[in-house]
Amino acid sequence: MSRIAVAVSAAGLVLAGCGSSDGSSDAAAATTATGAAGASAATTPPPTTAAGLCDFTASPQAAARNVHPPEDSNPPTTGTVPVTLATSVGTIGLTLDRAQAPCTVESMVSLAQQDYFDDTPCHRLTDQGIYVLQCGDPTGTGRGGPGYTIPDEFPQNLAPAEGMGPGTVVYPRGSIAMANTGRAHSGGSQFFLVYKDSPLPPEYTVFGTIDEAGLEVLDKVAAAGTKPGPGGMTAPTMEVQITDATVG
């Protein structure tokens, strides 16, 4: 089950979810900083295949929808890809950056082209400690994934989070990153949209940015607050449904 660790104090406490093998989320549980999501994953090199850069590995968990992994294991490593999320609360424009995360971008583009994200909810909103809207699970439970995992492509240039202790960086407002289970190379289809600077360990692949109009949509969703969600998570009070994800 995919998770995002939530920093809640300078003393190092985090709020983290339990993990499964396929990039989905579970109930939150308080842990110490040593139990933060993906604590050992940052030093694990990405897997590769004989054919190229990316190893899209089959997951033990069945795909939430009938999709296949990207066919190209050696995708472009330069350029950007525009993706538009039409949602029930407004349009969110994304720019995916191949230079930052070529494997992740290749997977997200492939899933969007297979209509994986169409008619799916954004199941989680956090407004304490970190500030993100999490989407990408067709089941809406926080447990669904595409049936395969993506190699980690951790960010290298995020600024340290002041007062949060070593190993915590700022995921800036407007960034897009992958959720994971806390184990190496466990991202799937769930991603989070950062609407306010958020302190986290640098263990979540950043793969693009959100446009200004999209941030206004996220601000509106955040202002409406949270309600109890699946698995002990908090969900947006203003329900968000991705009606269509369009590449280009």
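Mentor: Two rings of Phe, Tyr or Trp count as a pair if their centres lie within 6.5 Å. Keep that cut-off in mind for this predicted model.

Trainee: How many aromatic pairs does the structure hold?

Mentor: There are 7 aromatic pairs.

Trainee: What is the geometry of the pair of Tyr171 and Phe192?

Mentor: Tyr171 and Phe192 make a tilted pair, 6.4 Å centre to centre with 45° between the planes. Tyr171 belongs to strand β11 (residues 169–171) and Phe192 to strand β13 (residues 191–194), so the pair links distant parts of the chain, 21 residues apart.

Trainee: Which charged end sits over the ring of Tyr131?

Mentor: That of Lys196, 4.5 Å from the centre of the Tyr131 ring.

Trainee: On to the cysteines. How many disulfides does a search of the whole structure find?

Mentor: The search finds 2 disulfides. One joins Cys54 and Cys103, with the sulfur atoms 2.0 Å apart. The torsion about this S-S bond is about -90°, so the disulfide of Cys54 and Cys103 is left-handed.

Trainee: Which parts does the pair of Cys54 and Cys103 tie together?

Mentor: Cys54 is in the loop between β3 (28–31) and β4 (57–58), whereas Cys103 is in helix α1 (residues 102–113), so the pair ties together parts 49 residues apart in sequence.

Trainee: Why does Cys54 count as buried?

Mentor: Cys54 counts as buried because its relative accessibility is 1%, and the cut-off is under 20%. Cys103, at 2%, is buried too.

Trainee: How far apart are the sulfur atoms of Cys122 and Cys135?

Mentor: In the disulfide of Cys122 and Cys135 they are 2.1 Å apart. Here the S-S torsion is about 100°, so the disulfide of Cys122 and Cys135 is right-handed. Cys122 lies in the loop between β7 (120–121) and β8 (124–128) and Cys135 in strand β9 (residues 130–135), so the parts tied together are 13 residues apart in sequence. Both Cys122 and Cys135 are buried. With the bonded cysteines numbered in sequence order, the pairing reads 1-2, 3-4.

Trainee: How many cavities of 30 Å³ or more does the count come to?

Mentor: The count is 2 cavities. The largest cavity holds about 90 Å³ of space.

Trainee: What classes of residue line the second largest cavity?

Mentor: The second largest cavity has about 60 Å³ of space. Its lining has 6 nonpolar, 4 polar and 2 charged residues. Thr104, Asp152, Phe154, Asn180 and Glu203 are among them.

How values were computed: Residues are numbered from 1 along each chain as its sequence is written. This is a predicted model: local features need pLDDT of at least 70, side-chain atom pairs count only at pLDDT 80 or more; totals for chains, interfaces and linings use all residues. Side-chain values use heavy atoms; hydrogens and water are left out. Rings of Phe, Tyr and Trp (its six-membered ring) pair if their centres lie within 6.5 Å; planes under 30 degrees apart count as stacked, over 60 as edge-to-face and the rest as tilted. Helices (H or I, at least four residues) and strands (E, at least two) are DSSP runs, numbered from the N terminus. A charge sits over a ring if NZ of Lys or CZ of Arg is within 6 Å of the ring centre and within 35 degrees of the ring normal. A disulfide is a pair of cysteine sulfur atoms within 2.5 Å. Buried means under 20% relative accessible area, exposed over 50%, partly exposed in between (1.4 Å probe, protein chains only). On a 1 Å grid over the protein atoms alone, a cavity is a set of points where a 1.4 Å probe fits but cannot get out, and a pocket is an open set with protein on both sides within 12 Å along at least five of seven lines; lining residues have an atom within 4 Å of a point. Grid points are joined across faces, edges and corners, and a volume is the space filled by probe spheres set on the points. Ala, Val, Leu, Ile, Met, Phe, Trp, Tyr, Cys and Pro count as nonpolar, Asp, Glu, Lys and Arg as charged, and the others, Gly among them, as polar.
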